[in-house]
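I opened my notebook to go through this structure piece by piece. Here is what I looked up, in the order I looked.

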Amino acid sequence: MNEDDPLNPGDVENGDTADAPSDVGDPADFVARYVPADVLARYEVFSYRNAALILSEAHPVEFGELMDALRGFKLTRDIIAKAGGNESEIPKAFSTLLRPHGWHETTIQADLLVKLLWREAGVNARGKAVTTKMSRELTKARFLDGHKVDYVKGRVAFDLEWNSKDQTFDRDLYAMSAFSQCGVIDVGVLLTRSASLNDVFREMGLMAKYGASTTWMGKLLYRLNAGRNGSCPVLAIGIRPECIEKVRP
């Protein structure tokens with residue numbers, strides 16, 4: 001495969017790329033039960049560890065704001081032509097839609113308190129064998145340091161990757177897993193571009209810009225199938241060509 005030509009949507013899996021959830025993902029009918037039909041008409045949505053259920057039922061306010069942001073997002077060919085990584089118009093658009101509702105860039109830091117407990121054998125004053133409880137504590141400062149998610153509200157984390165290096169997904173999933181393990185969030189949401197946009201990129205002569213080693217759904221699903229989100233439920237959303245605004249005559 002040419003390095004600048006992303007995996008064709010028909011391929012099931014190729015190296016470190018996948019185009020569908022494995023059996024660790026939730027069924028498509030499960031996703032359709034919770035994600036609004038008008039959003040599914042413009043985006044591909046995949047759920048892991050019951051993320052769709054948790055987000056929609058346990059966090060309806062945050063879920064509603066994310067769905068409204070997806071509805072309000074406008075993608076144009078001009079944006080596609082000039083869009084880079086996280087400095088492009090795309091994250092700025094979502095910041096405009098979400099920041100006013102209290103979605104903040106959030107960094108997690110934590111010290112780790114380690115307790116060692118044991119018993120020591122000995123003899124008391126009467127010569128009787130006894131055991132004494134012993135303990136020791138040590139602190140590993142900044143055991144978690146600097147893991148960041150671009151948008152966090154309540155117990156929901158949201159991040160987006162349009163055209164960064166695909167290793168960025170590892171950072172995002174590790175951060176969401178750390179937030180989840182610390183009990184800070186219940187669910188994470190990751191937005192990226194769908195493989196179905198490849199036809200648009202080819203038509204516009206942009207395949208060299210939107211290459212296989214950048215952030216797109218195939219790279220994210222591979223990592224989710226491999227369990228790199230840990231125990232954190234994740235909803236993966238892909239921007240499809242249906243999001244591109246039609247040019248009015």
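**Terms first.** I call a crossover right-handed if, with the strands pointing away from the viewer, the path from the first strand over the helix to the second runs clockwise. Helices (H or I, at least four residues) and strands (E, at least two) are DSSP runs, numbered from the N terminus.

**What I am looking at.** This is a predicted model, in which local features need pLDDT of at least 70 and side-chain atom pairs count only at pLDDT 80 or more, while totals for chains, interfaces and linings use all residues. Residues are numbered from 1 along each chain as its sequence is written, and side-chain values use heavy atoms, with hydrogens and water left out.

**Entry 1, the β-α-β unit.** I traced strand 6, helix 7 (residues 168–181) and strand 7, and they make a right-handed β-α-β unit. In the loop between strand 6 and helix 7 I found serine 164. Is serine 164 buried or exposed? I noted serine 164 as buried, with a relative accessible area of 14% (buried means under 20% relative accessible area, exposed over 50%, partly exposed in between, with a 1.4 Å probe and protein chains only). Its side chain joins that of glutamate 161 in a polar contact of 3.3 Å. For such a contact I need a pair of N or O atoms within 3.5 Å; within protein, one must be able to donate a hydrogen and the other to accept it, and residues adjacent in sequence count only if both atoms are side-chain atoms.

I count two strands as paired if DSSP finds at least two bridges between them.

Strand 6 (residues 156–160) runs parallel to strand 7, with 5 bridges joining them, and phenylalanine 158 has valine 189 as its bridge partner. Strand 8 (residues 234–239) also runs parallel to strand 7, through 6 bridges, and here glycine 188 stands opposite valine 234. Why is strand 7 called largely enclosed by the rest of the structure? I found 7 of the 7 residues (187–193) buried, so the strand is largely enclosed. Val187, Val189, Leu191 and Arg193 cover one side, with Gly188, Leu190 and Thr192 on the other, and all are buried.

Strand 3 runs antiparallel to strand 8, with 6 bridges between them, and serine 47 stands opposite leucine 235. In strand 3 (residues 43–48), 6 of the 6 residues are buried, so the rest of the structure largely encloses this strand too. The loop between strand 3 and helix 3 (51–58) holds arginine 49 and also asparagine 50. Most residues other than glycine have a negative phi. Still, I read a positive phi near 60° for arginine 49 and about 65° for asparagine 50. Arginine 49 is partly exposed at 46% relative accessibility, and asparagine 50 is partly exposed at 37%.
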